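Please keep the structure open beside it while you read.

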Amino acid sequence: MGQKSVVVTGVSTGIGLAAAKVLAARGFHVFGSVRKAADGERVAAEVGPNFTPLIFDVTDEAAVQAGARTVEAALGDATLAGLVNNAGIAVAGPLLHLPTEEFRKQLEVNLTGVVIATQAFAPLLGARSPAVRDPGRIVNISSVGGRTANPFMAPYNVSKFGLEGMSEALRRELLPFGVDVIVVAPGAVATPIWDKADETDTARYANTIYAPMLDRLRAYMLQLGRSGLPPERIGETIHEALTTPRPKVRYTVSPSMFQVFMSEHLPKRTLDRIVGKRLGLLP
């Protein structure tokens with residue numbers, strides 16, 4: 001039995017890079033997507049010989065299809081063991097004032113990009129006729145924000161709520177092929193996505209009622225990033241989702257599972273008041 005292979009999108013930093021390292025260290029050959037060749041070389045040096053970079057942006061259909069052909073040629077007669085749809089961005093801002101092109105960009109990367117990658121790689125996982133003996137799995141990286149939304153994070157929350165629904169529908173559509181679809185939903189993870197909160201331009205909202213609340217949210221996000229889980233923890237969960245004989249349909253991985261439980265089970269009006277007071281949306 002040969003070495004198993006997996007495709008991970010968005011491996012230049014954060015969860016994607018950690019997943020590539022964990023999977024490669026545990027015997028997988030990882031094909032990891034990056035948008036720049038220089039990032040591919042850097043990640044290859046970090047991950048080692050069990051890594052092959054693929055250069056594409058998940059929103060570029062032709063480039064993703066070319067990446068799939070590269071993987072297909074490398075696989076030969078083997079089946080791809082996994083596709084990890086990890087590439088994503090986080091757009092923040094008050095919905096009443098957010099430029100619509102930024103909202104579109106959020107959905108284009110986090111949802112349409114997942115569809116593009118899934119269509120390209122699903123046949124290699126075994127979603128084709130005739131059926132293959134050992135079909136692969138799809139792991140979609142969602143978020144605890146895929147079930148609970150925060151003010152000023154609407155674009156990101158929309159994309160992750162959407163990804164959860166897409167994953168459920170796709171899991172059922174792929175039943176005839178035996179290709180499973182599993183969601184991994186991280187809470188706060190110490191990755192560069194949080195550092196970008198510091199770069200978010202809130203000045204354009206200075207003349208709205210939301211300016212002081214946005215500053216509070218940014219400080220909260222930076223604190224979350226500093227106290228977040230190491231991304232390798234998520235990499236380990238991804239490995240479990242790809243390899244355990246009977247995977248769950250959804251894995252939540254958060255530094256505070258109690259907080260996740262409360263946010264998912266407290267009455268929504270109660271949560272509205274808690275969040276509203278914390279951010280200054282309520283007196």
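1. In helix H10, the buried residues are Leu271, Val275, Gly276 and Leu279, where buried means under 20% relative accessible area, exposed means over 50% and partly exposed lies in between, with a 1.4 Å probe and protein chains only. They cover an arc of only 130° around the axis, which puts them on the same side of H10; the arc is taken from the directions from the helix axis to the C-beta atoms. These buried residues pack against helix H7 (211-226) and helix H9 (257-265), contact being heavy atoms within 4.5 Å.

2. A word on the basis of these remarks: this is a predicted model, in which local features need pLDDT of at least 70 and side-chain atom pairs count only at pLDDT 80 or more, while totals for chains, interfaces and linings use all residues. Residues are numbered from 1 along each chain as its sequence is written, and side-chain values use heavy atoms, with hydrogens and water left out. Helices (H or I, at least four residues) and strands (E, at least two) are DSSP runs, numbered from the N terminus.

3. Directly after H10 comes Gly280, which has a positive phi near 85°. Phe152 sits in the loop between E5 and helix H5 (154-173), and it counts as buried because its relative accessibility is 7%.

4. Another point to check in the backbone is the cis peptide bond that joins Ser129 and Pro130, with omega at about -5°. Pro130 belongs to the loop between helix H4 (100-125) and E5. Most residues other than glycine have a negative phi, and most peptide bonds are trans.

5. The sheet is open and has seven strands in the order E3-E2-E1-E4-E5-E6-E7, with parallel pairing; two strands pair if DSSP finds at least two bridges between them. Strand E3 (51-55) and E7 stand at the edges with a single partner strand each, so one side of each is left without a neighbour in the sheet. Between E6 and E7 there are four bridges in the parallel sense, and Ala185 stands opposite Thr252 in E7.

6. The largest nonpolar core has 29 residues, and Val30 and Ile238 have the most contacts inside it; such a core is a set of buried Ala, Val, Leu, Ile, Met, Phe, Trp, Tyr and Cys residues joined through side-chain atoms within 4.5 Å.
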